Each structure stands twice: as structure tokens, then as C-alpha cells.
Amino acid sequence: QVQLVESGGGLVQPGGSLRLSCAASGNIFTIHAMSWYRQTPGNRRELVATISSGGTTNYADSVKGRFTISRADAKNTVYLQMNSLKPEDTAVYYCNAAGQAVRGPFNSWGQGTQVTVSS
């Protein structure tokens with residue numbers, strides 16, 4: 001079973017920055033795509049950014065130019081650098097990873113970390 005643990009959320013003022021981390025653990029052979037999603041109460045979980053095993057990235061239009069996703073394969077970790085944060089970025093952020101483990105393919109989610117942007 002592959003587990004994901006997120007860290008780095010918190011309270012920040014508008015215009016500030018935060019860096020989220022998400023580490024995967026378990027009997028992992030390889031991780032293909034790693035992604036960050038976010039969700040606010042009463043709304044669907046939305047894709048924020050994704051990065052492929054080859055390093056190709058994609059971003060939601062609302063975060064382009066402000067957020068940067070990266071990964072450290074040696075650590076099975078994905079990061080989300082969030083700059084110029086806005087109140088509308090407030091949400092619970094979840095990481096997702098898909099790949100191959102000892103027991104077969106996996107698609108796992110983290111427990112979520114709260115990001116609050118407020119003065």
C-alpha cells in the first residue's frame with residue numbers, strides 16, 4: 001500500500017508564499033504522474049498542477065505564473081511552490097500519485113493540508 005503524507009500548509013497573508021511537500025512511501029517501483037488538487041467546502045476537488053515522470057508540467061489557468069510544481073524522484077516527493085498567494089487560493093490541498101508498486105498499480109491520495117490566505 002502506498003501512502004502519501006503532505007506538509008507545509010498554514011496561514012499566510014495575501015502576496016505571501018508557501019511551499020507544500022508530499023512524500024510517498026511503500027513498496028514503490030515507479031511513480032508516473034504526481035499532482036496537486038485543492039478543494040473548498042461545497043465544491044469539487046479541482047486540479048491545480050501536475051508533473052509527469054519526464055518532467056512535463058501542466059497548471060490550472062488560475063495559478064499559472066504563480067505556482068510551480070516539481071518532484072524529487074529519489075525521495076518520491078512532489079512539491080508545490082506557491083507565490084503571490086490570493087485569498088481565493090484558500091483551500092485544502094491534496095496530493096495524488098499514480099504508478100507501479102510491488103502489489104501492482106496504485107493511485108493514492110494524501111490526507112490534505114489546509115492553506116489559508118488572509119490578512
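We'll start with the whole chain and then pick out individual residues.

Before you click anything, keep in mind that this is a predicted model, where local features need pLDDT of at least 70, side-chain atom pairs count only at pLDDT 80 or more, and totals for chains, interfaces and linings use all residues. Residues are numbered from 1 along each chain as its sequence is written, and side-chain values use heavy atoms, with hydrogens and water left out.

**Stop 1: the whole chain.** Colour by secondary structure and you'll find eleven strands and zero helices. Both kinds of element are DSSP runs numbered from the N terminus: helices are H or I with at least four residues, strands are E with at least two. Now check the extents: the C-alpha trace spans about 45 × 25 × 25 Å along its principal axes. The radius of gyration is 14 Å, which agrees with the value near 14 Å for a compact globule of 119 residues. That radius is taken over C-alpha atoms, and the globule rule is 2.2 Å times the number of residues to the power 0.38.

**Stop 2: contacts and surface.** Among contacts (heavy atoms within 4.5 Å) with a separation of 6 or more, 55% come from residues 24 or more positions apart. Of the 119 residues, 42% count as buried, meaning under 20% relative accessible area (1.4 Å probe, protein chains only).

**Stop 3: the disulfide.** Select Cys22 and Cys95, which are joined by a disulfide with an S to S distance of 1.9 Å. The term covers a pair of cysteine sulfur atoms within 2.5 Å, and a search of the whole structure finds one. It links distant parts of the chain: Cys22 sits in strand 3 (residues 18–25) and Cys95 in strand 9 (residues 91–101), 73 residues apart. Look along the S-S bond of Cys22 and Cys95: the torsion is about 50°, so the disulfide is right-handed. Cys22 counts as buried at 1% relative accessibility, and Cys95 does too at 0%.

**Stop 4: a tryptophan.** Buried or exposed: which is Trp36? Select Trp36 in strand 4 (residues 28–39); with 0% relative accessibility, Trp36 counts as buried. To finish, draw a distance from the C-alpha atom of Trp36 to that of Gly10: these are 26 residues apart along the chain and separated by 16 Å.

How values were computed: Buried means under 20% relative accessible area, exposed over 50%, partly exposed in between (1.4 Å probe, protein chains only).
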